[in-house]
Amino acid sequence: MAGTLLNAFVTTGITMSANSILENSAILTKIYVKPQIFTLATAIAGLVNFAVGLIPLSLVCLIAGQSISPRVPLMILVAFFLVLLVAGAGLAMSVLFIRFSDSQSISVILLNMLTYVTPLFYPITDLSPTMQRVVSLNPLTSFLDCFRWCFSGNASATLNDWIYIGVSGIVVFIFGNVVFAKSWNKVVVMLG
Amino acid sequence: MKLIELNNISFDYRVIRTTSTSLKELFRDLLRGSVKITRLKALENISFSLESGKVLGVVGGNGAGKSTLLKIIAGVLPAQDGEVTVKGNIAPMIELGAGFHPELTAAENTIFFSALIGRDIKVVRNELNAIAEWAGVSDHLDFPIRSFSSGMVARLAFSAATQERADILLVDEVLSVGDEKFRAATRTRIKEQLALGTGVILVSHEPSIITELCDQVLWLEKGKIKLFGETQMVMNAYHNSQMS
């Protein structure tokens with residue numbers, strides 16, 4: 001269930017962040033505002049929903065007899081890097097959303113594929129060694145381990161996992177900003 | 001003091017000539033080699049400057065490049081060639097009500113819009129009653145903007161944009177909206193700001209407004225300067241071209 005919460009934040013967060021530029025096109029074509037603000041604000045707003053979702057998750061854990069880990073405050077780190085990842089991916093995808101109307105439906109398929117290579121509903125040990133390596137390369141696997149470790153101690157998060165979520169969050173954020181900065185002047189005219 | 005200086009500004013729209021905005025169909029057309037990219041010139045070699053306390057009128061037919069010019073000055077669109085120098089803060093009124101959210105109240109929208117154009121929110125909060133009073137919506141400050149008429153939205157947006165003096169006002173057809181009382185009030189407020197040194201760029205299709213307010217007029221045609229100079233001279237030529 002913890003994984004579902006994290007996955008919902010990532011998939012809906014990326015889609016909504018990518019869509020935020022289109023949704024605010026009426027502002028962006030009339031008033032000079034840094035467009036990246038809308039993407040980042042949407043990612044942070046998704047984080048609020050994520051935090052609210054922790055309340056029923058905590059209740060279910062307590063009812064099921066699981067304890068909440070004292071490491072919960074460390075989730076701030078996980079959340080911080082998640083926001084960077086979501087905002088960065090959203091920024092990069094927003095360029096496609098503006099240019100191609102069908103890219104939103106294609107993104108749903110890609111994000112579904114990302115969900116299936118994240119060990120949400122299956123233990124990673126059930127997979128073949130090759131698939132285990134593939135799933136381990138997915139940053140969301142490390143995010144999930146760190147999140148579960150912080151929340152309920154129900155997983156092991158290694159130092160490598162923490163480094164991987166930090167690096168992937170920062171790299172995706174920088175990548176998204178670079179792609180957006182290079183493309184914005186070309187796509188802004190398509191906003192009308 | 002020169003508030004705005006444009007040197008040989010050009011802007012063109014890069015258009016992919018496919019009938020669809022579909023990613024799948026673009027791939028198909030790329031494989032067929034049938035994708036053609038054309039550039040549509042929206043502005044070509046535009047140069048002028050605006051001094052503080054002066055009004056520059058911009059006239060021209062539909063598609064002449066007037067709104068594109070304002071958007072480049074506002075920083076919304078990038079100038080692809082040439083140089084744009086802007087000194088001071090801009091209050092853009094390219095469309096009254098842009099940035100207003102229908103579900104937010106008039107007070108919330110005023111604060112949000114003011115934040116977007118770089119105003120100090122603390123100051124705006126203190127001026128909320130004055131903004132609403134000028135717009136004639138004092139009794140509706142806590143109502144969602146969706147319950148407002150388009151005229152009320154226009155009055156509130158204009159009031160919010162001009163409550164504090166801006167160095168530069170960009171006005172696109174705004175003085176032609178609303179009833180006669182509102183139009184007179186907007187002209188009075190612009191004159192008040194001019195007296196304080198604000199520079200105004202005014203786009204309008206109404207010759208009477210241009211003649212009343214502008215010191216100079218820029219006549220655009222198909223993205224190029226057709227004529228630029230003293231108001232009466234340019235407006236006479238523009239009027240004659242419209243009649244012929």
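So, which helix of chain B is B:His239 found in? That would be helix α8, residues 231-243. Helices here are DSSP runs of H or I with at least four residues, strands are E runs of at least two, and both are numbered from the N terminus.

Quick housekeeping: this is a predicted model, where local features need pLDDT of at least 70, side-chain atom pairs count only at pLDDT 80 or more, and totals for chains, interfaces and linings use all residues. Residues are numbered from 1 along each chain as its sequence is written, and chains are lettered from A and ligands numbered from 1 in the order in which they are written.

Back to B:His239. The residue is exposed because it has 12 other C-beta atoms within 10 Å; the cut-offs are 12 or fewer for exposed, 20 or more for buried, partly exposed in between, with C-beta atoms placed from the backbone. Its C-alpha sits 38 Å from that of B:Ser114, 125 residues away along the chain.

Now chain B overall. We have eight helices and nine strands, and a C-alpha trace spanning about 60 × 50 × 35 Å along its principal axes. Of its 244 residues, 39% are buried.

Chain A puts in 16 residues and chain B 19 residues. On the chain A side, α2 (25-28), α5 (103-116) and α8 (159-187) each give two or more residues.

Definitions and conventions
Contact = placed C-beta atoms within 7 Å.
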